[in-house]
Amino acid sequence: MRDQRLPVGDEERFWDLVEAAWAPLGTEVERARRVLAHRESDPGGDPQGTSLAVVEAALPKFLGNLRSAGEGLSAQELTDLDRVVERKLHDIDRADVQAVTDGSDDGFLYARGFIVAMGRDFYTAVAEDPETAVPDAECERMCYFFAHLHHERYGTFPDTGSGISRESCSNPAGWPG
């Protein structure tokens, strides 16, 4: 069986890159991410409302910043980061998360991409309490972000060697019979 463990340094680096990509987008975006992660209320009392709209509008800039951060990375570094994304998507591939986010198989994958893209606080909040997830929020590009960068730079998609899948309904622990 292939090694499914994730080296701690790669995970820390991944979350650091995600936070660094969000940082230049300003205090309004940071507040919106915090509102969603901690289920605080927007000024109008809606726990998602305008915060979701702010985050969704910022996603293209976030992805652009993340892309810039990844442009100088080696093939191995991109593979390591892709492995983190793969593991994070796999770990929240669960029926209880899907019940909140909704969506078809692809839609649920993209919803998990949004959860990962939002950063460690939101990811952890959803992993611990799926009710924190946001229905119909998606970030398809995050699902294979570092794999695509690897392909663009090196002409191949990375082999993470993990033996797991990021596709929906592939985590047996998340979909009890």
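Read along the sequence, the protein chain runs α-α-α-α-α-α-α-α-α. That is nine helices and zero strands. Please bear in mind throughout that this is a predicted model.

Two figures describe the chain as a whole. Of its 177 residues, 47% count as buried. As for contacts between residues at least 6 apart in sequence, 75% of them join residues at least 24 apart.

I turn now to the helix pairs. Two packed helices are described by the angle between their axes and the distance between the axes, and I shall give both values for each pair.

Helix α2 covers residues 27-38, and helix α3 covers residues 49-70. Their axes lie 8 Å apart, and the packing angle is about 125 degrees. The handedness of their crossing is left-handed. Which residues make the contact? From α2 come E28, V29, A32, R33, V35 and L36, while α3 supplies S51, L52, V54, V55 and A58. Sorted by class, this contact of α2 with α3 comprises eight nonpolar residues, one polar residue and two charged residues.

The next pair is α6 with α7. Helix α6 spans residues 105-117 and helix α7 spans residues 120-128. Here the axes come within 6 Å and cross at roughly 125 degrees, which makes α6 oblique to α7. On the α6 side, the residues in contact are F114, I115 and V116; they meet F122, Y123 and V126 of α7. What is the make-up of this contact by class? The contact of α6 with α7 has six nonpolar residues, with no polar and no charged ones.

Is α4 mostly covered or mostly exposed? Helix α4 is mostly covered, with 12 of its 17 residues buried. The buried positions include the nonpolar residues L78, L81, V84, V85 and L89. Charged residues are also among the buried positions of α4, including D82, R83, E86, R87 and K88. T79 and H90 are buried in α4 as well.

Notes. Residues numbered from 1 in each chain as written. Predicted model: local features only at pLDDT ≥ 70, side-chain atom pairs only at ≥ 80, totals over all residues. Heavy atoms only, no water. Buried < 20%, exposed > 50% of the residue type's maximum accessible area, 1.4 Å probe, protein only. Helix = DSSP H or I, 4+ residues; strand = E, 2+ residues; numbered from the N terminus. Axes fitted to C-alpha atoms, helices over the stretch in contact; angles between N-to-C directions. Left-handed = near helix turned anticlockwise from the far one by under 90°. Contact = heavy atoms within 4.5 Å. Parallel < 35°, antiparallel > 145°, perpendicular 65-115°, else oblique.
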